[in-house]
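Here is a short tour for someone meeting this structure for the first time. Take a look at the model, then read on.

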Amino acid sequence: SFFILFYVFSFDFDNLFCVGWHIRLTYGLDYKGNLCGDKHAHPGLRKLELKYWLNPNQVYQSGVKDSQFKLSNARSICLWDCPIPSEDSLNWVCDYPEGDIRLSMRDWINRNYDYYEFLTPEMRNTSLQLQGPCYPVIFPSVNVYWSCQFIARASNISLRHWQQMGGVNINEDMVIDKSIHRSINSRSSVLKRYMADIGKSWPVLIVCGGMLPLFLSVIWLLMIRHFVSAMPWITVALFNILIITVTMFYYLKAGWIGNDAISPIIGEHDPYINVVGRELHHLRAVAILMTFVMVVSILTSIAIIRRILMATSVLKATKRLFCASNCLQVAAKVIGEVQALIIFPIIPYAILAIFYMFWISAALHLFSSGQVVKNNCNTNCCAYDLVAKKVNCDGCCGYSIHYTPHIAVAIFFHLFGGYWATQFFIACSSTVIAGSVASYYWARGETSPEIPFLPVFASMKRLIRYNLGSVALGSLVVSFVESIRFILESIRRKLKVAGVTSDGWFGKIGNHTSQGCLRCVEWTIKSVNRNAYIMIAITGKSFFKASEIATELIMNNILRIGKVNVIGDVILFLGKLCVSLSSAVFGFLMLDTYKYRAAHNKISSPLLPVLICWALGYVVATLFFAVVEMSIDTIILSFCQDSEEHQGTAQYAPPLLIETLGDQNEMQRLTQ
């Protein structure tokens with residue numbers, strides 16, 4: 001029944017792909033509600049991708065404190081490039097050619113948007129009143145994320161010509177700069193740019209988030225089979241090198257090292273113009289966080305290196321149990337099983353890769369969806385209408401993209417579905433591996449009718465036929481707990497920003513205690529689920545019954561499991577981090593090429609693409625490292641189950657496993 005719920009959920013998720021119907025992540029809207037760069041707009045705006053505000057006084061008014069006028073209502077059009085003032089005269093930017101202005105859009109662009117000489121005396125007079133159709137270029141502007149950012153440094157020559165022609169007063173305050181800057185750096189604009197970065201950097205996500213971790217995970221599995229004793233040293237050293245490298249890359253992009261800080265300005269510009277985007281502040285915050293993580297990680301790895309080396313015996317035991325052809329005389333069958341286990345993660349990897357391509361594409365559509373509606377404003381603004389041949393003071397409100405409540409629900413639904421699907425596929429992979437290893441253990445590793453031919457495929461068959469509902473339920477529990485923790489954390493942050501939370505020591509203790517409890521609950525749920533998947537594969541029980549059996553086994557054999565399992569997980573966890581950190585490093589290197597630093601493919605910040613490469617690398621590493629991780633856990637739980645069923649003496653365990661776990665009599669005494 002829970003698998004049916006998962007299927008219905010996935011079906012609804014696929015339908016979400018059609019919700020987003022316009023891409024508005026990069027370009028803005030003009031005063032007619034057209035999307036800049038849209039060739040189907042009226043007039044056609046193909047390659048006119050820059051949003052430019054015509055009236056500087058409206059821009060100024062929108063930035064004045066307590067002003068009712070908003071920048072979204074200021075008259076704006078789409079241009080090829082940002083205008084600059086003339087050095088010896090006055091440049092004009094005129095509205096789209098319509099009515100009596102017999103110019104094509106191409107001619108309008110070739111004339112640098114200036115047809116002032118064709119205006120009638122009435123039109124020239126309204127233009128001098130800043131009512132159009134032509135407006136003076138007084139302030140220089142620069143392309144900042146496809147919007148022309150005014151620089152509050154008026155051209156004296158242009159301003160003198162304007163005053164000599166009898167133009168109205170133009171405000172020159174810094175507010176004109178800050179108004180557009182505030183709009184460009186609003187939270188919604190930054191979020192859209194981050195989502196656009198994902199769409200632009202899709203080749204990086206495929207290479208660094210998919211192909212590279214696949215290659216590195218296979219290499220790591222092969223190395224752990226042939227260089228067991230050296231792997232703790234290699235893993236710890238590589239982990240420290242990689243986390244230092246990633247931190248240094250963040251410092252570079254934050255501008256604290258070298259001159260390679262990210263810039264919001266697109267294209268060539270005056271080097272003396274300095275514009276800072278919110279993305280730079282985000283990078284600096286992450287750089288500080290990474291510094292703390294780097295220091296803690298290095299100190300922790302140094303402190304536990306002695307315990308990490310103890311994991312070598314566990315890994316050796318697992319390797320010999322898999323390759324037990326010499327001690328247990330299982331030649332071809334065991335070798336065939338090992339080979340199938342190593343290549344099996346490619347199957348869930350391929351499924352997840354296809355899923356993520358659709359999921360990310362649907363996410364881009366969702367975040368760019370919405371309805372273009374005219375703003376509801378009571379602003380008294382007038383502009384010359386070329387079609388009506390008069391000044392119109394009624395319809396001067398601008399357009400905005402409004403997101404209805406069901407879009408927000410759909411986005412949450414989409415994010416939850418992506419996390420649930422990821423946990424589901426990882427759980428399926430873990431259950432198949434556990435079933436394969438359990439088949440080998442309970443047949444004493446010998447050629448026996450009880451071992452099915454190709455245990456991996458037999459385990460997959462059992463999963464599909466009997467256990468998909470239990471696996472879907474387990475992954476749903478993890479996703480639900482994680483979602484609750486995320487919602488509570490979001491509420492906590494909002495309360496902290498609003499100043500509602502107590503700043504006293506009692507409030508701080510309660511805050512940190514609640515966070516710690518939620519993380520403990522999350523960790524416990526994930527741990528119980530992993531062991532439940534093993535018992536599902538071993539016993540075929542339902543999820544809750546398997547969880548009960550697994551928990552009872554763990555509590556009865558806590559010393560035995562603590563001696564082996566905890567130590568072995570350390571190096572596996574560090575191995576996953578090495579793979580994911582390598583993906584992040586190569587993501588930085590690819591995003592630092594010219595393709596992603598200029599023109600249309602320029603990304604606002606490498607932050608989100610690198611984090612996604614990091615996350616995808618960790619997911620891929622989890623799929624492949626589960627071969628070793630789940631093998632260790634399955635063998636240990638099978639050993640404990642074997643001991644429980646035979647009064648403390650395992651009957652099916654190979655001698656090497658008993659040797660690894662220590663003296664049998666002592667272990668039995670401690671367990672009792």
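Helices here are DSSP runs of H or I with at least four residues, numbered from the N terminus. By that rule, Phe412 lies in helix α15, residues 405-442. Keep in mind that this is a predicted model.

**The chain as a whole**

The protein chain has 672 residues, and 52% of them count as buried. It holds 22 helices and ten strands. Take the contacts between residues at least 6 apart in sequence: 75% of these join residues at least 24 apart. The accessible surface comes to about 32400 Å². Carbon and sulfur atoms account for 62% of that surface.

Which residues touch the most other members of the largest nonpolar core? They are Val246, Tyr250 and Ile433, in a core of 106 residues. Helix α20 (residues 607-645) supplies the largest share of this core, 21 residues. Domain 2 (190-228 + 322-661) and domain 3 (229-321) each give the core at least three residues.

Val246 is worth a stop. Leaving aside neighbours within four places in sequence, Val246 is in contact with Met290, Leu581, Ala584, Val585, Phe588 and Trp614.

A second core is separate and has 59 residues. Ile101, Tyr145, Leu159 and Leu386 are among them.

| Nonpolar core | Residues | Some members |
|---|---|---|
| Largest | 106 residues | Val246, Tyr250, Ile433 |

**Helix α4**

Helix α4 covers residues 121-128. Met123, Thr126, Ser127 and Leu128 are buried there. What do the buried residues of α4 pack against? Their partners are the strands β3 (92-94), β4 (134-136), β8 (383-385) and β9 (390-392), along with helix α5 (156-164). Just after α4 comes Leu130, with a positive phi of about 60°.

**A nonpolar patch on the surface**

Now turn to the outside. Phe412, Phe480, Ile484, Phe486, Ile487, Leu488 and Ile491 form a nonpolar surface patch. Together they have about 640 Å² of accessible area. Helix α16 (residues 455-498) gives the most to this patch, with six residues. An α-helix has 3.6 residues a turn, so residues three or four places apart point the same way.

Phe412 brings in helix α15.

Conventions. Residues are numbered from 1 along each chain as its sequence is written. This is a predicted model: local features need pLDDT of at least 70, side-chain atom pairs count only at pLDDT 80 or more; totals for chains, interfaces and linings use all residues. Side-chain values use heavy atoms; hydrogens and water are left out. Buried means under 20% relative accessible area, exposed over 50%, partly exposed in between (1.4 Å probe, protein chains only). Helices (H or I, at least four residues) and strands (E, at least two) are DSSP runs, numbered from the N terminus. Contact means heavy atoms within 4.5 Å. A nonpolar core is a set of buried Ala, Val, Leu, Ile, Met, Phe, Trp, Tyr and Cys residues joined through side-chain atoms within 4.5 Å. Domain bounds come from an automatic or database domain assignment. Accessible areas come from the Shrake-Rupley method with a 1.4 Å probe; for residues, only the protein chains shown count as cover. Patches are made of residues with over 30% relative accessible area and no salt bridge: like charges are joined within 9 Å, nonpolar side chains (Val, Leu, Ile, Met, Phe, Trp, Tyr) within 5 Å. A salt bridge is a side-chain nitrogen of Lys or Arg within 4 Å of a carboxyl oxygen of Asp or Glu.
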